[in-house]
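This report goes through selected features of the structure shown below. Please keep the sequence and the coordinates at hand while reading.

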There are 2 protein chains.
Amino acid sequence: LCEAEVVPAPIEFWFDFISPYAYLAWHRVHAVAQAHGRELVYRPVLFAGLLNHWGQLGPAEIPPKREFVFRQVSRRAAALGVPLRPPPSHPFNPLLGLRLASLELASESRRRLIDTLFRATWGGGPGIIDPAVVATLLADAGFDGEALIAEAQSPTSKQRVIDSGAAALTAGVFGVPTMIVDGELFWGTDSFTEIEQVLRGEDPLDHEGLARWASLPASAERRR
Amino acid sequence: LCEAEVVPAPIEFWFDFISPYAYLAWHRVHAVAQAHGRELVYRPVLFAGLLNHWGQLGPAEIPPKREFVFRQVSRRAAALGVPLRPPPSHPFNPLLGLRLASLELASESRRRLIDTLFRATWGGGPGIIDPAVVATLLADAGFDGEALIAEAQSPTSKQRVIDSGAAALTAGVFGVPTMIVDGELFWGTDSFTEIEQVLRGEDPLDHEGLARWASLPASAERRR
């Protein structure tokens, strides 16, 4: 019998360019994965589709929360040394970006493409809604921008983003960024602390409490 | 002219016993306030009323998020050394607890009362929905439990919680726990990092970016 080498599962990174928290997480998730010998799988997903499915509002859809979000993201970007500047408009339609990010490219190219789109959105760039502008950005990053834009607008590429939304719901993804580590879903930039605990094998999760929580009766329901 | 002594504004702590994140924040907020010479003002508020107003779902109302919440809270409680155990039922009606927590008591008594109710909810206790059970808990904590329960059920006490809900909305409170520091709203247990930056006078907030964010046009809206 030959011994099979156990390769740890890759970390799935679910994101949408609409989210400044996803932008911050983009700047951390590679280092975390690399430190623990994990590959990364990029999972672009339409955040609006998740909100529609779960019946939830996005943080930018509640006025005082929208303001809170920028203050928090601004401070966290400063702490991480990540440049942050609001895009030209928000909310915006992220589908072109998501379709580009879903193209089948070699891993390093795909990372460079996603990085280009994130910087164009939250790093002081011109945004990612105008195909001509995005083609130029991609060309500046060494891609054939026109060809990628054309491919992104094909039915196959559009379907890929739709399929990603369905896969997200099946996995229980309710927000972005979400990192899935060994089948467990971690939501938000503040989850990296817990992700690193788990990857270090120092997980203090109370499994008995979790089982109790899962089977807890409700004694009141919110009237809606 | 006599020099007026400048007393820094107290930190407002908005909470509902329904929230395990509020329970965790309860265990941090006193030390943070004390370290920076700030008083604390306790602001019990009905979380369900905030959700109703903003049209938002609570984290426990989205099944995969409900499970995520307990995993995150369990790990954070362990990191803080705070005992955590799910209450007998959840969601439950927190109004008795909120009315008790709103009673006009001396500051130290009020802290002890709120602490008793939080421990009864998330610290392995019997929950806070049964007045007879809560009266006993309060008596064990040195209060006249029967008298406090009676006072909590008076029209004045009920109105106080209603008024608190209105005040929360005026202040822009959209979730619990919320800490208001010098007029600025900080939401969630993961905001303590930023609160401490601000209290230390080391706030990296990008005010120009914030102003830009506030005046940003939308170029797309989510269809609902």
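## Strand pairing in chain A

Strands E1(A), residues 11-15, and E2(A), residues 40-44, run parallel to each other and are joined by 5 bridges. In this pairing, Trp14(A) has Arg43(A) of E2(A) as its opposite residue. The model is a predicted one.

Is E1(A) enclosed by the rest of the structure or open to the outside? Of its 5 residues, 4 are buried, so the strand is largely enclosed by the rest of the structure. In a regular strand, side chains alternate between the two faces of the sheet.

## Interface between chains A and B

How many residues does each chain bring to the contact? Chain B contributes 63 residues, and these are in contact with 63 residues of chain A. Among the residues of chain B, Arg75(B), Trp213(B) and Arg222(B) lose the most area to chain A, and together they make up 16% of what that side buries. The area buried between the two chains is about 5,900 Å², with 57% of it on carbon and sulfur atoms.

Polar interactions also cross this interface. Between chain B and chain A there are 34 residue pairs in polar contact, counting pairs with both residues at pLDDT 80 or more. On the side of chain B that touches chain A, two or more residues come from each of helix H2 (47-54), helix H3 (63-80), strand E4 (184-187), helix H9 (192-199) and helix H10 (207-214) of chain B. H3(B) supplies the largest share of that side, with 13 residues. Sorted by class, the side of chain B that touches chain A holds 31 nonpolar, 14 polar and 18 charged residues.

The rule for salt bridges finds 12 across the interface of chain B and chain A. In one salt bridge, Arg222(A) is paired with Glu61(B), and their closest N and O atoms are 2.9 Å apart. The cut-off for such a pair is 4 Å, so a separation of 2.9 Å qualifies.

## A buried serine in chain B

Ser157(B) belongs to helix H8 of chain B, which spans residues 155-171. Is Ser157(B) buried or exposed? Its relative accessible area is 2%, so Ser157(B) is buried, the limit for that class being under 20%.

Beyond its neighbours within four places in sequence, Ser157(B) has contacts with Arg99(B), Leu103(B), Glu151(B) and Ala152(B).

## Backbone exceptions

Most peptide bonds are trans, and most residues other than glycine have a negative phi. In chain A, the peptide bond from His90(A) to Pro91(A) is cis, with omega near 0°. Pro91(A) sits in the loop between helix H3 (63-80) and helix H4 (95-101) of chain A. In chain B, Val176(B) and Pro177(B) are joined by a cis peptide bond with omega about -5°. The loop that holds Pro177(B) lies between H8 and strand E3 (178-181) of chain B.

Asp182(A) has a positive phi, near 50°, although this residue is not glycine. Its position is in the loop between strand E3 (178-181) and strand E4 (184-187) of chain A. With 46% relative accessibility, Asp182(A) counts as partly exposed. In chain B, Asp182(B) likewise has a positive phi near 50° and is found in the loop between E3 and E4 of that chain. Asp182(B) is at 48% relative accessibility and therefore counts as partly exposed.

How values were computed:
Residues numbered from 1 in each chain as written. Chains lettered and ligands numbered in written order. Predicted model: local features only at pLDDT ≥ 70, side-chain atom pairs only at ≥ 80, totals over all residues. Heavy atoms only, no water. Contact = heavy atoms within 4.5 Å. Buried area = accessible area lost by both parts, 1.4 Å probe. Salt bridge = Lys/Arg side-chain N within 4 Å of Asp/Glu carboxyl O. Polar contact = N/O pair within 3.5 Å; in protein donor to acceptor, adjacent residues only side chain to side chain. Nonpolar A, V, L, I, M, F, W, Y, C, P; charged D, E, K, R; others polar. Buried < 20%, exposed > 50% of the residue type's maximum accessible area, 1.4 Å probe, protein only. Pairing = 2+ DSSP bridges.
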